[in-house]
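Please keep the sequence and the model in view while reading.

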Amino acid sequence: MGLAQEEALRCKSISGPVTMHSSIGSYESPRDMSMAGVSRHLVFVVEDEEDIARLISHNLQTAGFEVQSFVSGASVISEALREMPSLFLLDVMLPGADGFDLCRQIRQTPTLSSTPIIFLTAKTTEADRVKGLEMGGDDYITKPFSPRELVARVRSVLRGVRQAPVTPEVLRLGDLAIDASSMTVQVQGRAILTTVREFRLLEYLATHCGRVLTRDQLLDAVWKETPFVTPRSIDVYVRRLREKIEVDPRHPKYLKTLRGIGYRFEVPK
């Protein structure tokens, strides 16, 4: 039995769908820390294993988050449209449509498309992590997980959303318009949908137009303490951006590859 399952069983006797008492090994907020003024982000947790869902909810609530739990993806989209969450935490192996399918639906729903998504799964292969990235995930946590790490990763992803924009004005580069204040991108006047990480990556490259940036530099600038993203994962994000902003992604005009080094943003002449 993994760490997460063991901790969940310690909470199992507590009544209520998401409210639980403290458990050994779970995340604990410092006693003297005031929650006054802390933003109550709403997290949608989609997990079909009740013990794991209770453990996640308990630790997120202890850390100051509001939580709404679902055992499948059937009603997630409709509930999210009614009450917009700050973040989705999706188990991959769900009854019916799996977490990857639910992620695709979220990314195809305009009002939800930029909401961060973290996958939570027992699937640990590189192929699964890459698939999670390609589907539009912002992070990928494997089971068994540490409750403290779970809370830290949720906060890390949300920090990326809350970050003050580097450039308040709209960047206009060729046919692109990148608005940091609203986190929107237009290509030839047509709005395109990006995830939070995709936007941050494009914005960072564009604000360093003409400069060669290594994968490690991009990793430090955009992902910081997110551990599952490797330098090569940057290639997945760049490929997704090219499919969205380039006329011909196979022959990019904006996002140039420098083999063995990294990437450079250029304005087409």
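Which residue in β3 is the bridge partner of Phe-44? The bridge partner is Phe-88. The model is a predicted one, in which local features need pLDDT of at least 70 and side-chain atom pairs count only at pLDDT 80 or more, while totals for chains, interfaces and linings use all residues. Residues are numbered from 1 along each chain as its sequence is written, and side-chain values use heavy atoms, with hydrogens and water left out.

**Strand β3 and its partners**

Helices (H or I, at least four residues) and strands (E, at least two) are DSSP runs numbered from the N terminus, and two strands pair if DSSP finds at least two bridges between them. Strand β1 (residues 42-46) runs parallel to β3 and is joined to it by four bridges; β3 also pairs in the parallel sense with β4 (residues 117-121), over four bridges, and there Asp-91 has Leu-120 as its bridge partner. Between β3 and β4 the chain passes through helix α4 (residues 99-107) in a right-handed β-α-β crossover (with the strands pointing away from the viewer, the path from the first strand over the helix to the second runs clockwise).

Five of the five residues of β3 (residues 87-91) are buried, so the strand is largely enclosed by the rest of the structure; buried means under 20% relative accessible area, exposed over 50% and partly exposed in between, with a 1.4 Å probe and protein chains only. Leu-87, Leu-89 and Asp-91 point one way from β3, whereas Phe-88 and Leu-90 point the other way.

**Aromatic pairs**

Five aromatic pairs are found in a search of the whole structure. Rings of Phe, Tyr and Trp (its six-membered ring) pair if their centres lie within 6.5 Å, and planes under 30 degrees apart count as stacked, over 60 as edge-to-face and the rest as tilted. Two of these pairs involve Phe-119:

| Pair | Centre distance | Plane angle | Class |
|---|---|---|---|
| Phe-100 and Phe-119 | 5.1 Å | 70° | edge-to-face |
| Phe-119 and Tyr-140 | 6.2 Å | 55° | tilted |

Phe-119 lies in β4 and Tyr-140 in strand β5 (residues 139-142), so their pair ties together parts that are 21 residues apart in sequence. Phe-119 is buried, with a relative accessible area of 0%, and Tyr-140 counts as buried at 2% relative accessibility. Ring pairs also link Phe-44, Phe-70 and Phe-88 into a cluster.
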